[in-house]
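Please look over the sequence and the structure shown here before reading the briefing that follows.

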Amino acid sequence: MANHLDRCGGILLHPTSLPGEYGVGDIGPQAYRFVDWLVTANCRVWQVLPLNPPGYGNSPYASLSAFAANPLLISPELLRDWELVTINDLALAQLPEGRCDFVLAADAKRRLLDTAYRRFSISSNFEILRKEFTRYREQQRSWLDGWCAYRSLKTLYGGRHWRDWQVTPVTATAALESLTSQIEQIAFEQFLFDRQWALLRDYAAERGIRIIGDMPLFVADDSADTWLQRDLFTYGEDGFPTQVAGVPPDYFSETGQLWGNPQYLWENHQRDGFQWWIDRIKRVLQHTDIVRIDHFRGLAASWSVAAGAQNAIKGTWVKAPGKELLEAVNNALGAVPLIAEDLGLITPDVAELRDRFALPGMKVLHFAWGADAFADFLPHMYERNCLVYTCTHDNNTTVGWYKQDATEYEKDHLRRYLGVSGDDIAWDLIRAAWRSVATVAIVPIQDVLVLGGEHRMNLPGTDSDNWNWRLLTGQLDESYAMGLGELTELYGRTPEPASSKIIPEKYPL
C-alpha cells in the first residue's frame, strides 16, 4: 500500500462519540482507554472524522476552519492535571451521559476554558507552559492568526455570517485591537488541543496504532478560510457564492445532495502553486498519520450547482487540476500518505487520478449486493491496495441496514455469497471484511457492538439529529475486543509487536 500500512484492521470512531461526563466525548482518559481496547483487538488503525470546529448542524464536514481544531474535544481532566482548573470546576461542568449535547457541552466547556485561560494568564506557576505557548503561536502563525481574528470577530458580531460583519480582513485592524485578550485565549485553546492530542497520538504510536484523519474536499461558506481568502472561491462581489458543491442523484438521495459549499476558483490556486492546499494537508498531518480525502472525485471534476437551487438535480461537472495539485503537494511535503474516498459516481478520470498516485480507494460492503450494485465492491473483486469497510459514518449501521434498508434481493445475495443465515449480520460482514485481500479492513464501532439503526452517525441529506451518537461508559466491553482480535489473528491482520517504550506517568489513565 502506498501509505506503508501492512495488512491490518481498524475501527472508525470519532472522539465526540467516546463516553464521559462533559456532554461530548473528548481526548482525555476515555480516549486512552479506547486505544488500549484497540490493542486488545489486535487493531492497528484508528480512523476519526475531521477534527475541525464544526459549524452548522454540528457537522465536522461543515467546519468553521480547515486548519483549526475543535475546542470541545479538549479534555477537562487533563486541564485539571495541568492545574489549570480544579476538581470543583470539573464538578460544575459535569453533564448526564447519553447522546452528545453540543449546546450544553459548549457552555460547560466554555466556563472551564475561561477559567483555564484566566489562571494561565495571572498565575506565575506556568512559566514553562507559557514558553511552550509562545513557541506554538510562532510556529502556527500562518493559519492561527487568521483563525483567531475570524473567531473573535464572529463572537463580536453575535455569531453572524461574515457577510454581515462591518469589517473585512483588510479593515479589521481597529476592531481586533480591542479584542487582544479574546484573540490570545482562542490561540491558547488551540494550543491546549494540540498539546493534548500530541500526548494521545504518542500513546497510540507507542502501542502500534496509526491514526487515519479525514479532510473534507470543500470548506464551509461561513468559515475562516472563505473570509480570509475569498479570491480562492466562487464568490460574487456581494459576498455570496455563485456556484456551490453537491452530488447528483445517488444511492443516498433521488434529488442529489446540495451541500452549499462554495466551489474553488482553481486558476487562483494554481497561480501560487497550490500553497493553500499544501498548508492545509501539512496541518492535517500534524494530527494524523494518514489523510483520507473525502469526496476525492472532486479533484478530477466536481458537481457544480447554481447558488439558490433547491436541489442538486441540475448541475454541471467542472474539471479540477487534481494531478497538478497532488504533484505540488508531494513535491512540497514528500510522498504524502493519502487515501482516496472514491465512492459514488466514479468516472474513468477519477480512477486514473487515483491510480496515477497509487492511492488506495475504498470498498463498502453495504453497496455490494443489489442487482445494480457496484460489482467491484464484492470481496472477490478487490485489489490489495484498498480499504474495505462494513459501512461508513454516512451509512446506517449494518444491523439497521439489514433490517430497514436492504432489499430481499440484497439479503438473499449476501446470504448466498457469504454462506450465512444473516442472524449475526454485523459480524458476518466484519468477518467478510477481515478475510478479504484488502490491505486495511475497518469497521465502525457500532457494528462491533451489533447496534441497530438508531445508533447511526449521520443520515446524508438531513440536517437534524446527526453526529450526536455516543458510547456509554462500560459499553465497550473487552469481550468484543477479544472477538475482533481472534478474527484479526485468524485472517492474518495481526500487528507487529508495539514498542515497549511506555512512560506511564505521562498519560492520564
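In which loop is the place of Asp 465? Asp 465 has its place in the loop between H17 and H18, where helices (H or I, at least four residues) and strands (E, at least two) are DSSP runs numbered from the N terminus. This is a predicted model, in which local features need pLDDT of at least 70 and side-chain atom pairs count only at pLDDT 80 or more, whereas totals for chains, interfaces and linings use all residues. Residues are numbered from 1 along each chain as its sequence is written, and side-chain values use heavy atoms, with hydrogens and water left out.

- Asp 465 is exposed, with a relative accessible area of 56%; buried means under 20% relative accessible area, exposed over 50%, and partly exposed in between, with a 1.4 Å probe and protein chains only.
- The phi of Asp 465 is near 60°, which is a positive value in a residue other than glycine.
- Asn 468 lies in the loop between helix H17 (445–448) and helix H18 (478–490), and it counts as buried because its relative accessibility is 12%.
- The side chain of Asn 468 has a polar contact of 2.7 Å with the side chain of Arg 99 and a polar contact of 3.1 Å with that of Asp 465; a polar contact is a pair of N or O atoms within 3.5 Å, where within protein one must be able to donate a hydrogen and the other to accept it, and residues adjacent in sequence count only if both atoms are side-chain atoms.
- When its neighbours within four places in sequence are left aside, Asn 468 is in contact with Arg 99, Cys 100 and Phe 102, contact meaning heavy atoms within 4.5 Å.

**Gln 263 and its surroundings**

- Gln 263 lies in the loop between strand S5 (257–262) and helix H10 (266–271), and with 5% relative accessibility it counts as buried.
- Although Gln 263 and Ala 245 are 18 residues apart along the chain, their C-alpha atoms are separated by 5.9 Å.
- Not counting residues up to four places away in sequence, Gln 263 touches several residues, among them Phe 218, Leu 232, Val 244 and Trp 303.
- A polar contact of 2.9 Å joins the side chains of Gln 263 and Ser 302, and a polar atom of the side chain of Gln 263 lies 3.4 Å from the backbone oxygen of Val 244.

**Helix H11 against helix H12**

- The axes of helix H11 (residues 275–285) and helix H12 (residues 322–333) come within 9 Å and cross at roughly 60°; axes are lines fitted to C-alpha atoms, for helices over the stretch in contact, and angles run from 0 to 180 degrees between N-to-C directions.
- That angle makes H11 oblique to H12, since angles under 35 degrees count as roughly parallel, over 145 as roughly antiparallel, 65 to 115 as roughly perpendicular and the rest as oblique.
- In this pair, Trp 277, Ile 278, Ile 281 and Lys 282 of H11 meet Leu 325, Ala 328, Val 329, Ala 332 and Leu 333 of H12.
- The residues of this contact divide into eight nonpolar, no polar and one charged, where Ala, Val, Leu, Ile, Met, Phe, Trp, Tyr, Cys and Pro count as nonpolar, Asp, Glu, Lys and Arg as charged, and the others, Gly among them, as polar.
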